[in-house]
Amino acid sequence: MTPVLELKDVALRHRGSAANTVEDVSLAVEAGHSLALVGESGAGKTTLLRLLLGLSRPTAGAVRFDGAELSPGDRAQMRRFRRSVQCVFQDPYSSLDPRRRVAAVVAEPLRSLGIDTRAGAAPKVAAALERVGLPADAADRYPHEFSGGQRQRIAIARATVCGPRVLLADEPVSALDVTTRVKVVDLLAELQREQGLTLVMVSHDLSVVASLCERTAVLERGRIVEQGDTAQVLGEPAHPYTRRLIESVPRLPV
Amino acid sequence: MTLLDVRGLTVRTGDGRTLVDDLSFSVASGERLGLIGESGSGKSLTTLAVLGLLPDGMSATGSVELAGTQIVGAREKQLTAVRGRDAAVVFQEPLTALDPLMRVGRQVAEPLGRRTGLKGAALREAVGEALAQVRLPEPERIARAYPHEISGGQRQRVALALALACAPRLLIADEPTTALDVSVQAEMLDLIDALVREREMAVLFVSHDLAVVARVTDRALVLKDGRAVEEGTVHDLVRAPRAPYTRDLVASARTLESALDLRSPR
């Protein structure tokens, strides 16, 4: 089966930088499956996510979408790509436009991808808000009227409103309190299960990774040091860096 | 001996909303207390009130006695004498806590020089020692660096060195590891634990993360919507939470943790 998204021997060097930010990275995610990119700040997680989103071009290697190389110049392909691959960011306080009502925020992908007009979007927006567990009257309110967890639900509604196949999530719950975190993790799990959504998640929170992703790739200084089934990677880590990450997770006293 | 005694602390905004409601707790010399709560629970405001640092427009009533000084209603001059010497604070985000335009060494030298009266080469040496104490590698290089030139974990160590420079009797740590990576966080918690033990300092440790609080303190107070809902040893809070909110908090933490356990047969 062709993976939906694939990085093949990818390297990226920022302009003016002496070394590659990421190097020799190969990973693939198949439709309906989930992959986590794990590592500490500066490991290159977000750089890989930018590559997967088509926001940066690799210096070497290829980014493939449905088996075809992603070329930002090919507008037809990019339109298909943007319809299929959507993103949720870490900080729900800065990722929503504070001056627009939730209805307009959530309808944005429909409008910018030319899928629907403002009027045609309304039922889809309502359905998306319902799917993420927000009340219908949320549409008429502004982002500041919502808590952090609710804002992240709005961001997820926006990302899923156009019916994408893949959701890329950059630390989707690390800005949230622990009780809220559990609820948003549950929501993402439900979307995976019920919509068959493919999930690629960047996180340094191993318990969230273990809750949501079937496969895990561990990044250290721009290279993948270990990848495989999450149970394998986190249960029986082969690389010392992975072991160190797991041992560092603070635990409740028994 | 009671070092910090908070009685009926209430913090209100200018328009009359109550953000911290009739809060009472105390910390003895050398004791460690955790304040646990989620965003909006009033835990950070409580730490600010303890130092008389509430933002403009907010007012505190009740009593906060820090090493015998009444903080509520105190004049700025009295507060200046208390801050740093009796209690010093490490904030969550080291990038905003440090002055971006000043080399790290000078920032540490300021409180250190004021306390010890050292100058010149002797002060420079003391700064090097202060940075070495928080286990910073190459203290001379770090001292010459600007905050943006060092990593997040290193910045938080500098912030800790700054707080310790005045040899406070109470260290207030407000989510000191939330902005850090997990392995850096583990190192930082061990460091705080070791330094505080050496100096027999008292700690008020604020966090939303029960597991993190458990690493540093034995006793904790759970806050919700500005009120204390439960107080006890961390052990009891985790094992037999009484308040529904604490139960909720523990259950959420357990749920996330169990995901890790199912898959790791340790």
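## Strand pairing in chain B

Strand β1 (residues 2-12) of chain B pairs with β2(B) in the antiparallel sense over seven bridges, where pairing requires that DSSP finds at least two bridges between two strands. Across this pairing, L4(B) stands opposite V27(B), which belongs to β2(B). Helix α1 (residues 43-50) of chain B packs on the sheet and touches β1, β2 and β4 (59-66) of chain B, while its direction makes about 120 degrees with that of β1(B).

The model is predicted: local features need pLDDT of at least 70 and side-chain atom pairs count only at pLDDT 80 or more, whereas totals for chains, interfaces and linings use all residues. Residues are numbered from 1 along each chain as its sequence is written, and chains are lettered from A and ligands numbered from 1 in the order in which they are written.

## The sheet as a whole

The open sheet has four strands in the order β2-β1-β4-β5 (chain B), with antiparallel pairing. Because β2 (18-28) and β5 (69-70) of chain B stand at the edges with a single partner strand each, one side of each is left without a neighbour in the sheet.

## Overall form of chain B

Chain B has 11 helices and 10 strands. The C-alpha atoms of chain B fill a box of roughly 55 × 55 × 35 Å along the principal axes.

Of the 266 residues in chain B, 46% are buried, a residue being buried if 20 or more other C-beta atoms, placed from the backbone, lie within 10 Å of its own.

Definitions and conventions:
Helices (H or I, at least four residues) and strands (E, at least two) are DSSP runs, numbered from the N terminus. A residue is buried if 20 or more other C-beta atoms lie within 10 Å of its own, exposed if 12 or fewer, and partly exposed in between; C-beta atoms are placed from the backbone. Two residues are in contact if their C-beta atoms, placed from the backbone, lie within 7 Å. Axes are lines fitted to C-alpha atoms, for helices over the stretch in contact, and angles run from 0 to 180 degrees between N-to-C directions.
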